[in-house]
4 protein chains.
Amino acid sequence: MAASLGLRGAASGLWFWSGRQRPAARLAAVCSRSMASKTPVGFIGLGNMGNPMAKNLIKHGYPLILYDVFPDACKEFQEAGEQVESSPADVAEKADRIITMLPTSMNSVEVYSGANGILKKVKKGSLLIDSSTIDPSVSKQLAKEVEKMGAVFMDAPVSGGVGAARSGNLTFMVGGVEDEFAAAQTLLGCMGSNVIYCGAVGTGQAAKICNNMLLAISMIGTAEAMNLGIRSGLDPKLLAKILNMSSGRCWSSDTYNPVPGVMDGVPSSNNYQGGFGTTLMAKDLGLAQDSATSTKSPILLGSLAHQIYRMMCAKGYSKKDFSSVFQYLREEETF
Amino acid sequence: MAASLGLRGAASGLWFWSGRQRPAARLAAVCSRSMASKTPVGFIGLGNMGNPMAKNLIKHGYPLILYDVFPDACKEFQEAGEQVESSPADVAEKADRIITMLPTSMNSVEVYSGANGILKKVKKGSLLIDSSTIDPSVSKQLAKEVEKMGAVFMDAPVSGGVGAARSGNLTFMVGGVEDEFAAAQTLLGCMGSNVIYCGAVGTGQAAKICNNMLLAISMIGTAEAMNLGIRSGLDPKLLAKILNMSSGRCWSSDTYNPVPGVMDGVPSSNNYQGGFGTTLMAKDLGLAQDSATSTKSPILLGSLAHQIYRMMCAKGYSKKDFSSVFQYLREEETF
Amino acid sequence: MAASLGLRGAASGLWFWSGRQRPAARLAAVCSRSMASKTPVGFIGLGNMGNPMAKNLIKHGYPLILYDVFPDACKEFQEAGEQVESSPADVAEKADRIITMLPTSMNSVEVYSGANGILKKVKKGSLLIDSSTIDPSVSKQLAKEVEKMGAVFMDAPVSGGVGAARSGNLTFMVGGVEDEFAAAQTLLGCMGSNVIYCGAVGTGQAAKICNNMLLAISMIGTAEAMNLGIRSGLDPKLLAKILNMSSGRCWSSDTYNPVPGVMDGVPSSNNYQGGFGTTLMAKDLGLAQDSATSTKSPILLGSLAHQIYRMMCAKGYSKKDFSSVFQYLREEETF
Amino acid sequence: MAASLGLRGAASGLWFWSGRQRPAARLAAVCSRSMASKTPVGFIGLGNMGNPMAKNLIKHGYPLILYDVFPDACKEFQEAGEQVESSPADVAEKADRIITMLPTSMNSVEVYSGANGILKKVKKGSLLIDSSTIDPSVSKQLAKEVEKMGAVFMDAPVSGGVGAARSGNLTFMVGGVEDEFAAAQTLLGCMGSNVIYCGAVGTGQAAKICNNMLLAISMIGTAEAMNLGIRSGLDPKLLAKILNMSSGRCWSSDTYNPVPGVMDGVPSSNNYQGGFGTTLMAKDLGLAQDSATSTKSPILLGSLAHQIYRMMCAKGYSKKDFSSVFQYLREEETF
């Protein structure tokens, strides 16, 4: 289920830019044919998301040169015959295409610009793709530093959770020089079913941040509306149907309804297990907040949504799916 | 365009409860066949919405008995041969099915319970349908008073603007005793393409209020996300496409996008003319606020959306379409 | 401590309109001198607040004619020789000055306009003072009905909790015809140390509502600022001192600081026991919300404060002092 | 008037830590006595605030070594015989005590760590005091870099506007190693009447940010409460008096009331000229937001206050005093 987060109709064959994308099945065929000639790809950051992403590259025939700050994270790959290095710089010495998948802006800065960072040994003409979700202004800063070394940087954050990472159905939102997009797409297409070119460096991050901010707002809005309706005597399933045929309709109401029992196969009907955690949503809203502050864009509802998810993290909801905001709101007054 | 507000896919044949509804065309045929035998229907409140609604009843063969607090509003009907009365009580004396379409809770109270109100002369067994959008608790109160007189009250607020009223494509959300729903539907089906039974008295209002609150939240959210994205360097049309294929998707982003130039045929591409006025949205959010306060339901984003539309009314946006919140937010800082 | 809520410097002799008020001690002397000639006063509503208020009237020499919807509430007074009636109407038949102290707008409507309400038997020229905190529009409505009967209505809500009620140190904010203020003040001065004339009927309520809304906002603001400062490494007592000598200073920071250990003798240093309950604050903010909606006044922070106290009521804070919002906010994120 | 912003009772002789501070008059005497022996002080950033601050150091007998990115800003000082350098590094080469007063975090980073920054030539044991209002995490970062060079860094942001800078009545909130506080105080005491030690590096910034966030919240709250009260029929002066003797009292209501005509000598009675500009408040709230995000502190009202001032900047209020939020809110709905 989590696989479909952030992506409508991947399963039903909805392709965004059909000319640029190919179904995973065909790609696999293409890849295996050209397997022999494939040059190794660097991959840094083998966490919950990076691990299955790296495996999909391997499935498509790419030998990997790997690094993770926790050596244990590389063990599985090492045993399978992949090459493991002891620093980002060492990866950069051996691979001219590198993908990074890291948890925070600070980690990206460290991996690129740190004492043993990529930039210490990056080769001219290398393609560096950062799939981390970080502050767009940090992406821009990194891009400048990379450019000075004669290499190319692209930001390519993903939509879709661990499930989508496993099944190769992630959506990548890519920012960077358009001429390099085709090269990036060749790699990213092995890990995702949608690879969208968004514009200059940083716009990949911006697109993801804007989507997730709107997602948070409409999810909380759906939870408030459903809760108000239920307390006003409406049947939850009926109310969901009415909203979904009316102007209140949104992904949170028609695909991922937060009220237990209204839909099958979503986290709300599984005690808010799985899905997209409240902590991660709070993180993305923090990035939206930072972007809005630095671009002087008013985000009245976005700010409040940020604070609500912040509160939820402190009230025991941090590991539940972000649709648990319904549960958070519906607790009854006790007087 | 306004016709489709609050209603997805009416034009594309999406019917909610197909067994209960018939396309307007067929209804017309049915109606004209049975025209001769139709008993008059009372109609009180001939404003922007009531006027075209009443005309659709006439088209379907119902003689009307009319009242409006402004006599001029009845003139057109009188000249066309319809019967005009000088008080709601007089209408109630002559018609046993009455539809009321009034601007505020107070007007409904006056028309039903006032000195010359419907209840002064209502006949036993009469069916009174209030299509006004008012406080659900007022609907419940009126229902009690009507019941004491041996008559039946239903609340049936509408979704869809003046355009939908003209074309007979309104959505009615109906609350009241289920046994009487079929009788209400016969009349309402002449004016709308969707007639939805919501439950006990007041739930029609509740459903509408919940939908419009979620609509306001997702519209403001869409405006914030689009504005933040544009300021971050994204192309508006591209950003809208990304949102609409992702989890941020909502009616406000994919059907009624608030950014000028992103979609054709919506108010944002027509200088925010037409559509659903900011004043009306502020009114509905006031009702949501009242409902939430009385049911002790937290509506953090709903409250803030209310205040934002309240502010906009004071800043010259009162007559613009409610999607003009994008314009309100995007004004640039001047320093 | 709770006694001083809503009132700065009562103990230190700060008198608002000195010409109109006299210290309790002198009033007592005046009262006892004229004791013999005092005519009975009606008192309806003997709850937590009404009980000690009624006792202060007795101390000042007024015989009482009492009613409460729960007969047990009158027992204590009956045993002490006061006269108890079985309905508000019966009280109105025997007393031409009546004070009402009730929990909600609906209770006030019932006691004045109900089947056995005051208005059924009120004498011409009677002075009816409602000390309940209710919707100002309800006060105005009651005033109209009372006026029709040839009597006078004033709204006189109180500031100060149970402690202030016991010690006779309440603040009364009085709305009504100015000519009748002196008569009201004679009675209210027995129960409070500040009796303030605010203007036409309803302005007493408005003044209280505005004060309490600002109080809620500045309390939450103080809690947010203290919490942010503490997490940023500041010592709580030092931060409070800095705020209190700077422009952030407010009653909530310098007299009622919400951080445990910063001040002695306030609820925050007593596990948030006593003081002004979160539920009561949520109620007053609901009234502020209603007033703002009906006067079309934007209250962005006020609305959000309302929602925050609403949430707190559902999270186990309903009976704690309203300064417990600090505790609510400071809970740590657990990841 | 603006001079007293952020500072209660400076004029009336309220001293926070009397042992550590001396009235400006006495300091002047002390300074002039020891004038002969004074070593030069570096000063970088001669804008609206830096200019009068530097002049006060000169008045107290300190020769200055100056730098500003705009050479024109130094001209006046150069003509008066002060020494002007062509980079921060050059200032650091010649002075072992330097004060910096810069508009943004980025400017501070550039002046300290840039290509020609202070750190390029800083002498061991130098005392570097940054009076800019910036992100506390940037202050901490700078402190680390300075420490590596064997020098000392303190953050010392100011409260009080241009007027207070001129009259030497600023409040300094100082963070850094406590042992160095006395040395910092010697210099800062020439420019301010309150010099407060707040704790470790960054706490000066944190104290200022917390104060200004609470100030913004209580100012908006006061504006909302006054506006709601006025629309409910209360006289503004009377309402202000009631609030100021009650629990709603705050600096914004009793010292800097935002309603024109309620108080003399404040910006609201001078068409919101002078005082503390809306743009500056928006900037400080942006810093509060950043701090809250990085420390995971919920600031529900603080965030909304930030967004409100952000909106105001875009609506023509950027150069008005921040109390103009009353004007922003009170605009009437036009329907």
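Colleague: How many residues does each side give to the contact of chain A and chain D?

Modeller: In this predicted model, chain A contributes 15 residues and chain D likewise 15 residues. Between them the two chains bury about 1,300 Å², with 66% of that area on carbon and sulfur atoms.

Colleague: Which elements of chain A give two or more residues to the side that touches chain D?

Modeller: They are α12 (278-295) and α13 (300-314) of chain A. The most comes from α13(A), with seven residues. By class, this side of chain A holds five nonpolar, seven polar and three charged residues.

Colleague: How many salt bridges are counted between chain A and chain D, and how many residue pairs are in polar contact?

Modeller: The salt-bridge count is zero. For polar contacts, the rule finds five residue pairs across this interface, both residues of each pair being at pLDDT 80 or more.

Colleague: Turning to chain B, why is α9(A) called roughly antiparallel to α9(B)?

Modeller: The axes of helix α9 (residues 203-231) of chain A and helix α9 (residues 203-231) of chain B cross at roughly 170 degrees. Angles over 145 degrees count as roughly antiparallel, and therefore α9(A) is described as roughly antiparallel to α9(B). The two axes come within 9 Å.

Colleague: What residues meet there, and of which classes are they?

Modeller: Residues of α9(A), including A:C210, A:M213, A:L214 and A:E224, meet residues of α9(B), among them B:I209, B:M213, B:L214 and B:E224. The contact of α9(A) with α9(B) has 13 nonpolar, eight polar and two charged residues.

Terms used: Residues are numbered from 1 along each chain as its sequence is written. Chains are lettered from A and ligands numbered from 1 in the order in which they are written. This is a predicted model: local features need pLDDT of at least 70, side-chain atom pairs count only at pLDDT 80 or more; totals for chains, interfaces and linings use all residues. Side-chain values use heavy atoms; hydrogens and water are left out. Contact means heavy atoms within 4.5 Å. Buried area is the accessible area (1.4 Å probe) that two parts lose on being put together, summed over both. A salt bridge is a side-chain nitrogen of Lys or Arg within 4 Å of a carboxyl oxygen of Asp or Glu. A polar contact is a pair of N or O atoms within 3.5 Å; within protein, one must be able to donate a hydrogen and the other to accept it, and residues adjacent in sequence count only if both atoms are side-chain atoms. Helices (H or I, at least four residues) and strands (E, at least two) are DSSP runs, numbered from the N terminus. Ala, Val, Leu, Ile, Met, Phe, Trp, Tyr, Cys and Pro count as nonpolar, Asp, Glu, Lys and Arg as charged, and the others, Gly among them, as polar. Axes are lines fitted to C-alpha atoms, for helices over the stretch in contact, and angles run from 0 to 180 degrees between N-to-C directions. Angles under 35 degrees count as roughly parallel, over 145 as roughly antiparallel, 65 to 115 as roughly perpendicular and the rest as oblique.
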